[in-house]
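Here's a quick briefing to read alongside the structure.

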Amino acid sequence: MFTSLWHRTFSHGVHPPEEKATTAALPIRRMPFSPRIVVPLSQHFGAAAKALVHKGQELVRGEPIAAADGFMSVPMHAPVTGIVEGVELTPSARGPKTEAIIIRSHLAASQQVMYEGDLDWQQATPEELIWQIQQSGMVGLGGAGFPSHVKLKIPAEYTVDTLVVNGCECEPYLTTDHRLMLERSDDLLLGIRIAMRISGAKRAIIGVEDNKMDAVAALRQTIGNDKTISVGVVRSKYPQGAEKLLLKVLTGREVPSGGFPFQVGVVVNNVATLALIGNLLPRRRGLIERIITIAGPGVKKPGNYLIPLGTPIRFALEHAGYFGDASRLILGGPMMGNTAASLDVPITKPVSALLVFDKAAKASEAQPISPCIYCGRCLDACPVHLNPAHLGRLAAKRQYATMANEFHLNDCFECGSCSYVCPANIPLVQYFRIAKSINRERAR
Amino acid sequence: MKKVQPLVEIRTSPHIHHSHSVPQIMLNVVYALLPLVLFWVFQYGISALLLLLVVVGTTLLSERFFARMAGRQSPLNDHSALITGILLALTLPPGFPLWMGAIAAFVAIALGKAIFGGLGYNLFNPALVGRAFVQAAFPVAITSWTPAYLPGRFLEFIPSTLALPLMRPADSSTWIAELGQRSEITDALTSATPLAAWKFAGDSGDHWQLLLSLTSGASGQMPGLLIIFCALYLIARNMMNWRIPVAVLGGAFITALPLYLYDSSRFADPLFVLLTGGLLLGALFMASDMVGSPVTPRGILIYGLVIGFVTVIIRSFGALPEGVMYAILLGNALAPLIESVTQPRVYGVGVTTLSALKKPPATATTPEQRHE
Ligand code: SF4
Ligand code: SF4
């Protein structure tokens with residue numbers, strides 16, 4: 001524990017229980033194909049993809065089924081060999097129905113990926129590589145699902161010298177990045193080299209929290225004596241994996257408020273994203289499956305599963321030994337993930353975990369909400385040094401404009417640290433989300 | 001068995017929460033105050049006990065009354081009125097007439113808390129509001145200290161305790177003198193607090209005595225060690241912000257030191273300053289009250305230093321021997337202002353693009369490249 005004090009970190013933050021021990025030791029396992037696969041056309045940040053298939057069409061696993069609609073969009077590929085049942089409105093994790101391609105799987109098929117080619121990435125130009133990444137359908141594999149090719153495209157007036165590779169995985173329960181660094185470090189290194197070529201970065205630093213020293217060792221071994229790529233060990237603390245915080249810890253640079261990492265010469269990518277780029281790009285494959293952690297008190301067989309995109313949550317949960325009585329399903333980590341509105345929604349590209357909390361776990365969170373007692377714990381937790389207590393009071397008075405103009409509301413990235421520590425159990429983050437969306441409405 | 005579709009709960013992140021609740025924190029403050037209460041009763045006997053019960057009882061009843069009026073629910077569950085009652089009682093002289101104690105308690109809740117809208121909205125520390133009110137209303141009674149460790153303290157009431165409402169309290173000095181004769185303790189006759197003794201007689205006692213307060217004569221004086229020990233419990237449980245008392249005591253020390261070095265016959269030595277009067281109790285249990293203090297890190301420092309500074313200035317140059325109460329109330333009043341000028345610097349604010357990495361604009365940025 002004390003060794004961790006030697007490692008670099010950002011100021012403030014919180015230490016939620018890691019809860020990673022059970023799944024961190026479990027190798028990645030493949031989950032069987034669900035008889036029904038649902039591929040929403042909008043799984044990413046940006047314009048929804050346009051369906052290329054029609055009802056009754058036979059599909060081969062890996063074949064493109066939806067095309068990108070513009071630069072800020074990505075295509076979709078068939079996660080399974082099967083037949084299109086329709087292109088319909090289906091429930092999404094957030095509630096409102098969205099358009100999705102429904103596929104009935106041929107469970108007897110070999111599920112071989114037929115659609116692939118060759119790409120000599122060392123000969124390709126950065127523009128070609130960016131196009132190829134867009135064709136693969138890659139998006140950031142945690143959070144909002146930001147298209148990877150957009151992230152790697154640096155505006156012409158900026159130069160990037162450093163690629164920061166985010167392997168922190170600071171959210172409790174999540175262990176997919178950890179397993180990936182252990183099991184697929186070759187793919188990751190290849191992905192890093194491709195990203196360096198695209199962005200023009202001269203060096204890459206992989207930021208890993210010090211609770212994953214085995215991954216650090218594995219990475220260092222794979223890197224060998226390549227001087228351009230290094231591993232930066234950072235202290236285990238939430239939210240160490242927030243890109244602007246990690247970037248500051250590893251490079252000492254601070255991204256201007258409201259700005260982007262490329263403004264300080266850095267591009268940040270997640271290890272899961274880069275490992276998949278390294279895996280898919282040389283073979284020109286599309287993104288059809290991802291690794292997710294299924295864990296929490298409500299499942300009997302927690303683990304890290306390689307799961308076809310579009311698998312309904314219900315199927316995934318049953319496979320993981322779901323008791324059927326839990327009341328809270330979280331897509332993503334417990335600090336920033338969303339609850340799923342129904343068991344029928346599918347696993348999409350940005351979903352990094354499926355957590356099942358039971359009623360017992362819930363009771364401890366059911367503290368009543370009381371007025372703010374000005375204890376200041378939220379200030380000590382906020383990694384961007386906001387004043388959540390004051391923002392909360394302004395929110396209660398509906399002074400949303402003041403929150404943004406004078407108290408930097410828009411610098412809040414909704415990490416949840418303030419709500420996590422608040423003894424009055426004030427839903428601060430929820431207030432801030434509401435305030436932001438009202439401000440956005442008003443700006444229209 | 002039929003498969004039931006589980007009720008899926010929708011809520012927003014974060015989905016985990018870790019903290020003591022507000023009532024738990026308040027209850028722990030009560031626990032931390034208990035040793036002080038016991039010691040106080042041990043020092044002054046049944047009069048002190050009765051005063052404590054009356055004061056605490058009145059705060060609780062007033063809290064309930066005002067909460068009912070405002071339509072709030074189960075206000076006593078957060079235990080904050082209990083803390084107010086205990087702190088208020090500990091700042092009163094043990095022989096304080098009970099009816100005056102009840103008034104102090106009522107005022108503490110009514111003017112200190114209820115008119116602001118209850119816990120969390122109050123500007124001032126309620127206990128000090130009550131104390132300040134009776135200081136102004138009953139200037140004689142509030143300064144009539146009975147010596148500690150009187151021999152008959154568990155058997156007899158101090159005469160002033162039982163004074164009837166609106167009556168001038170009986171003078172306790174003859175009673176004290178009698179007690180003194182009976183037990184042949186002549187020392188006990190002094191009823192001045194160490195601070196008053198210093199202020200008016202230039203006597204500054206012994207530091208160890210102030211830390212322990214085990215000998216008679218040190219009236220109105222809580223043992224410093226015990227106060228520190230109780231506060232450490234809260235600090236260790238992360239239920240008190242240690243920066244506040246440290247800043248208050250630091251502020252008092254750095255104000256007292258130059259004064260003492262300048263003229264040690266006129267000004268008290270800094271350690272004496274820290275250990276006397278209500279400074280320790282005030283710094284550790286009243287100034288640190290979260291509600292009335294700023295939350296910003298630099299704000300906390302300034303707030304504490306101001307309180308320490310003002311305390312020493314009042315003590316050294318004012319007509320009153322004690323200044324900590326007014327200093328804290330002043331600090332409470334200034335807290336919103338202090339906080340507004342000490343907002344922390346937010347990540348990324350005031351930094352600019354690294355110009356070394358910026359190329360001369362060759363082509364314009366396309367709109368699609370602006371993201372997130
Ligand atoms: S959610 Fe926002 S205000 Fe709260 S700690 Fe995170 S960044 Fe700070
Ligand atoms: S943590 Fe909660 S109670 Fe404490 S200051 Fe922040 S908002 Fe107020």
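## Chain A at a glance

Of the 444 residues in chain A, 62% are buried. Keep in mind that this is a predicted model. Here's the rest, sorted by topic.

**Overall build of chain A**

- In secondary structure terms, chain A has 15 helices and 17 strands.
- Chain A has a radius of gyration of 22 Å, which agrees with the value near 22 Å that a compact globule of 444 residues would have.
- Take the contacts in chain A between residues at least 6 apart in sequence, and 72% of them join residues at least 24 apart.

**A helix pair in chain B**

- Helix 2 (residues 46–70) and helix 4 (residues 98–112) of chain B pack with their axes 8 Å apart, at an angle of about 35°.
- The crossing of helix 2 of chain B with helix 4 of chain B is right-handed.
- On the helix 2 side, the residues making this contact include B:Leu50, B:Leu51, B:Val54, B:Val55 and B:Phe66, along with B:Thr58, B:Thr59, B:Ser62 and B:Glu63.
- Helix 4 of chain B brings B:Leu98, B:Gly101, B:Ala102, B:Ala105, B:Phe106, B:Ile109 and B:Ala110 to the contact.
- Sorted by class, the contact between these two helices of chain B comes to 11 nonpolar, four polar and one charged residues.

- You'll find A:Ile198 in helix 5 of chain A, which covers residues 185–199.
- A:Ile198 counts as buried because its relative accessibility is 8%, and the cut-off for buried is under 20%.
- Setting aside neighbours within four places in sequence, A:Ile198 is in contact with A:Pro126, A:Leu129, A:Ile130, A:Ile133 and A:Leu152.
- From A:Ile198 to A:Arg285 it's 87 residues in sequence and 18 Å in space, C-alpha to C-alpha.

- B:Thr311 sits in helix 13 of chain B, residues 297–317.
- Is B:Thr311 buried or exposed? It counts as buried, because its relative accessibility is 0%.
- Not counting residues up to four places away in sequence, B:Thr311 touches B:Leu279, B:Gly323, B:Val324 and B:Ala327.

Methods:
Residues numbered from 1 in each chain as written. Chains lettered and ligands numbered in written order. Predicted model: local features only at pLDDT ≥ 70, side-chain atom pairs only at ≥ 80, totals over all residues. Heavy atoms only, no water. Helix = DSSP H or I, 4+ residues; strand = E, 2+ residues; numbered from the N terminus. Buried < 20%, exposed > 50% of the residue type's maximum accessible area, 1.4 Å probe, protein only. Contact = heavy atoms within 4.5 Å. Axes fitted to C-alpha atoms, helices over the stretch in contact; angles between N-to-C directions. Left-handed = near helix turned anticlockwise from the far one by under 90°. Nonpolar A, V, L, I, M, F, W, Y, C, P; charged D, E, K, R; others polar. Rg over C-alpha atoms; globule rule 2.2 N^0.38 Å.
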